[in-house]
Amino acid sequence: MNRILFMLLLSLSVSALAQKSRILFVGNSLTYTNNLPELVKNEARKKGFKVQTTMIAYPNYALIDHLDDGEVQKRIRSGKFDYVIVQQGPSSQSEGREMLLDAGRKFQMLCQQNETELVFFMVWPSLTNYHTFEGVIKNHRDAAIENEALLCPVGEAWKDYFERTDDSTLYGLDGFHPSRKGSRLAAEVIVKTLFDNG
């Protein structure tokens with residue numbers, strides 16, 4: 001490869017890294033506990049990526065509650081986001097599955113109309129309901145496939161860690177919300193999903 005072409009390609013790569021990716025997080029306490037968006041920003045910085053985050057997250061909210069409020073529609077229509085990461089509760093049972101799929105369709109329509117990419121944030125069940133983990137994984141995978149969206153398989157990473165180590169410290173004291181360690185693992189999975197093209 002001649003030197004001029006090499007320098008041009010290098011310059012384009014550096015300028016791509018210098019651009020900020022803008023991410024809107026939509027969820028509930030599983031997102032705002034430990035300020036997951038800030039952890040994602042810090043993890044991305046370590047990998048050489050600049051990220052700007054915005055969060056809309058309220059206690060006990062499902063995705064349909066966000067759509068009913070109308071705030072997410074205004075934010076997405078502003079055209080200021082590259083990714084919209086949506087997070088619901090575990091959604092392992094039939095009712096939660098239908099809510100996840102139905103809201104996912106509505107979010108995908110909004111995202112397509114506004115040239116942003118929809119991303120599902122797969123969560124985890126409580127320790128008490130650990131036996132429902134396969135349902136959590138399946139329903140989030142189905143939601144991402146049906147809506148042709150990206151999937152951040154955080155729940156799968158949690159399950160893999162637990163089964164390799166028998167260590168439940170990804171969970172906080174209530175056995176459901178993430179510990180700081182759990183949120184850091186979530187941030188790592190999200191950054192890897194969005195930015196690791198290798």
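**Cysteines and helix packing**

Reply: This is a predicted model. In it, Cys111 counts as buried, because its relative accessibility is 0%.

Me: And Cys152, buried or exposed?

Reply: Cys152 is buried, with a relative accessible area of 0%.

Me: How many disulfides does the structure hold?

Reply: The structure holds zero disulfides.

Me: On to the helices. At what angle do H6 and H7 cross?

Reply: The axes of H6 (residues 94–113) and H7 (residues 133–146) cross at roughly 20° and come within 10 Å. Angles under 35 degrees count as roughly parallel, so H6 is roughly parallel to H7. The crossing is right-handed.

Me: Which residues make that contact?

Reply: H6 contributes Arg97, Leu100, Leu101 and Arg105, while H7 contributes Lys138, Asn139, His140, Asp142, Ala143 and Glu146. Of the residues in this contact, five are charged, three nonpolar and two polar.

Me: What about H8 and H9, how do they pack?

Reply: Helix H8 (residues 154–165) and helix H9 (residues 180–195) have axes 9 Å apart and pack at an angle of about 125°. That angle makes H8 oblique to H9. Their crossing is right-handed.

Me: Which residues meet there?

Reply: On the H8 side they are Val154, Ala157, Trp158 and Tyr161. These meet Lys181, Gly182, Leu185, Ala186, Val189 and Ile190 of H9.

Me: How do the residues of that contact divide into nonpolar, polar and charged?

Reply: The contact of H8 with H9 has eight nonpolar residues, one polar and one charged.

Key: Residues are numbered from 1 along each chain as its sequence is written. This is a predicted model: local features need pLDDT of at least 70, side-chain atom pairs count only at pLDDT 80 or more; totals for chains, interfaces and linings use all residues. Side-chain values use heavy atoms; hydrogens and water are left out. Axes are lines fitted to C-alpha atoms, for helices over the stretch in contact, and angles run from 0 to 180 degrees between N-to-C directions. Helices (H or I, at least four residues) and strands (E, at least two) are DSSP runs, numbered from the N terminus. Angles under 35 degrees count as roughly parallel, over 145 as roughly antiparallel, 65 to 115 as roughly perpendicular and the rest as oblique. A crossing is left-handed if the near helix is turned anticlockwise from the far one by less than a right angle, and right-handed if clockwise. Contact means heavy atoms within 4.5 Å. Ala, Val, Leu, Ile, Met, Phe, Trp, Tyr, Cys and Pro count as nonpolar, Asp, Glu, Lys and Arg as charged, and the others, Gly among them, as polar. A disulfide is a pair of cysteine sulfur atoms within 2.5 Å. Buried means under 20% relative accessible area, exposed over 50%, partly exposed in between (1.4 Å probe, protein chains only).
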